[in-house]
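I opened my notebook to record what I looked up here, one entry at a time.

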Amino acid sequence: MICIRLPARHMAAILTAFTLTTATCPPLRAADAPMVKIENFAFTPRELTVKPGTTVIFRNDDDIPHLVVANDSSFRSKALDTGDTYEFTFTKAGDFAYFCGLHPHMQGKITVAP
Amino acid sequence: MTHHHDDESGRDGISRRHALECMIWAGTGVLWTISGGVPVSLNLLGAAQAAEAMATGFTFLQISDSHIGFDKAANPHAIDTLKEAMGKIQALPQKPAFMIHTGDITHLSKPAQFDNAAEIIGGAGFDVHYVPGEHDLIDDGNGKAYLGRYGKGTKGAGWYSFDQNGVHFVALVNVVNLKAGGLGNLGAEQLAWLADDLKAVSASMPIVVFAHIPLWAVYPEWGWGTDDAAQALGLLKRFGSVTVLNGHIHQIMQKVEGNVTFHTARSTAFPQPAPGTAASPGPMTVPAGQLRGLLGTSSVTVKQGGQDLAIIDSTLA
């Protein structure tokens with residue numbers, strides 16, 4: 001009995017952990033995943049608040065390449081040509097200011113808050 | 001043109017505004033000269049003097065913003081318009097001594113784009129002195145592709161200088177280490193190099209500085225300027241004649257400030273809107289038939305033994 005129960009408890013613990021994991025850790029990547037559009041040399045929305053663990057998609061809708069770079073260098077995209085996207089998952093809470101590495105007057109901010 | 005040095009009233013009478021009007025109206029073939037730091041339209045001096053400047057000087061040619069790889073609505077065939085530009089340069093009656101390219105050779109820094117540009121531009125057989133635009137440094141190696149091709153003999157991110165026919169040319173790079181919220185950037189290392197480079201140059205020697213982003217505040221709201229340009233210009237104050245040639249904004253702009261004349265060249269790929277006249281500085285799509293009137297190159301003539309530089313902007317139309 002003991003021999004059966006222990007693995008059962010372990011299983012339960014593992015299942016619980018797995019459930020929690022799937023509920024919180026994997027990036028939120030549904031169809032409604034938050035998106036920052038890059039158009040007319042601007043990030044829209046310029047400021048966005050998301051929960052920790054959220055993946056934000058940046059999409060370049062301009063005819064000119066752009067580059068998404070965090071002010072604190074915590075993330076940096078490759079050059080995004082027209083229609084290209086860049087995804088970054090924000091795990092830590094805080095304010096993450098970013099700018100375009102090619103046109104640094106273009107600026108935005110992602111606020112990560114529970 | 002000597003009398004223009006002496007004739008203050010005549011020089012002012014022609015007026016900068018008038019020269020600008022000509023530039024806008026004529027679009028092509030406007031020729032102007034710098035006398036003691038003030039530009040005077042050679043068109044207004046008369047054909048004979050213009051011809052003399054052309055005959056006794058040497059000419060170099062500025063090409064800019066070829067954006068090889070660009071294929072969007074504003075010009076689906078940027079490679080063809082570069083070929084046209086090079087064809088016109090090869091057909092010039094007075095061959096340029098060399099060319100400068102003020103950056104954005106490619107659109108996306110891809111090897112094939114650099115190769116295509118090199119084949120078309122190099123095919124004309126001129127020496128070409130390059131500076132990078134921000135579009136030339138976006139390979140995965142953050143500029144290795146450009147420096148691998150054009151970095152030989154340069155310092156830092158690709159800056160250098162050389163002398164030709166009594167003119168000191170300075171090629172600057174203001175498209176690296178751009179800061180959030182900032183404009184173009186030269187950086188402390190390059191400015192220190194510039195100060196050292198200029199030490200041995202006589203104040204009477206004409207200076208031509210070229211870089212991609214304008215070294216003057218054309219329109220900071222669109223990023224059209226360079227944050228630490230004032231420090232570079234401070235180093236150039238003691239020189240009698242300074243000409244600053246830039247690209248980046250895909251249209252002709254000029255300004256005179258003391259001893260310095262600023263001039264930006266057209267692109268060979270696509271036009272961009274005049275400052276503040278559109279939602280963004282992105283490529284401007286114009287009706288078919290108007291595109292080539294908004295693309296072009298600039299030819300600069302240096303008169304031997306003088307301080308006068310004459311610039312002719314020519315369209316592809």
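Before the first entry I needed a term: a crossing of two helices is right-handed if the near helix is turned clockwise from the far one by less than a right angle, and left-handed if anticlockwise. I also noted that this is a predicted model.

**Entry 1: two helices in chain B**

I began with what describes a helix pair. Two packed helices are described by the angle between their axes and the distance between the axes. I looked up helix H6 (residues 78–90) and helix H7 (residues 111–122) of chain B. Their axes come within 9 Å and cross at roughly 20°. Angles under 35 degrees count as roughly parallel, so H6(B) is roughly parallel to H7(B). Then I checked the hand. The crossing of H6(B) and H7(B) is right-handed.

Which residues make the contact? From H6(B) I listed B:Ile79, B:Leu82, B:Lys83 and B:Met86. From H7(B) I listed B:Asn116, B:Ile120 and B:Ile121. I sorted the residues of this contact by class and got five nonpolar, one polar and one charged.

**Entry 2: a record for chain B**

I turned to UniProt. An unreviewed entry there places the feature "domain: Calcineurin-like phosphoesterase" at residues 59–251 of chain B. In the model, the end C-alpha atoms of that span lie 21 Å apart. The span is 26% helix and 16% strand.

**Entry 3: chain A**

I went through the secondary structure of chain A and found one helix and eight strands. Chain A has 114 residues, and 27% of them are buried. I also looked at contacts between residues at least 6 apart in sequence. In chain A, 51% of these join residues at least 24 apart.

**Entry 4: where the chains meet**

**Entry 5: one glycine**

Last, I looked up B:Gly282. This residue lies in the loop between strand E11 (260–264) and strand E12 (296–303) of chain B. Is B:Gly282 buried or partly exposed? I found 19 other C-beta atoms within 10 Å. Buried needs 20 or more, so B:Gly282 is partly exposed.

I set aside its neighbours within four places in sequence. B:Gly282 is then in contact with A:Asn40, A:Phe41, A:Asp62, A:Asp63 and A:Ile64. I also compared B:Gly282 with B:Ala74. The two are 208 residues apart in sequence, and their C-alpha atoms are 9.5 Å apart in space.

Key. Residues are numbered from 1 along each chain as its sequence is written. Chains are lettered from A and ligands numbered from 1 in the order in which they are written. This is a predicted model: local features need pLDDT of at least 70, side-chain atom pairs count only at pLDDT 80 or more; totals for chains, interfaces and linings use all residues. Helices (H or I, at least four residues) and strands (E, at least two) are DSSP runs, numbered from the N terminus. A residue is buried if 20 or more other C-beta atoms lie within 10 Å of its own, exposed if 12 or fewer, and partly exposed in between; C-beta atoms are placed from the backbone. Two residues are in contact if their C-beta atoms, placed from the backbone, lie within 7 Å. UniProt positions are given in the numbering used here, feature names are shortened, and annotations may be inferred rather than shown by experiment. Axes are lines fitted to C-alpha atoms, for helices over the stretch in contact, and angles run from 0 to 180 degrees between N-to-C directions. Angles under 35 degrees count as roughly parallel, over 145 as roughly antiparallel, 65 to 115 as roughly perpendicular and the rest as oblique. Ala, Val, Leu, Ile, Met, Phe, Trp, Tyr, Cys and Pro count as nonpolar, Asp, Glu, Lys and Arg as charged, and the others, Gly among them, as polar.
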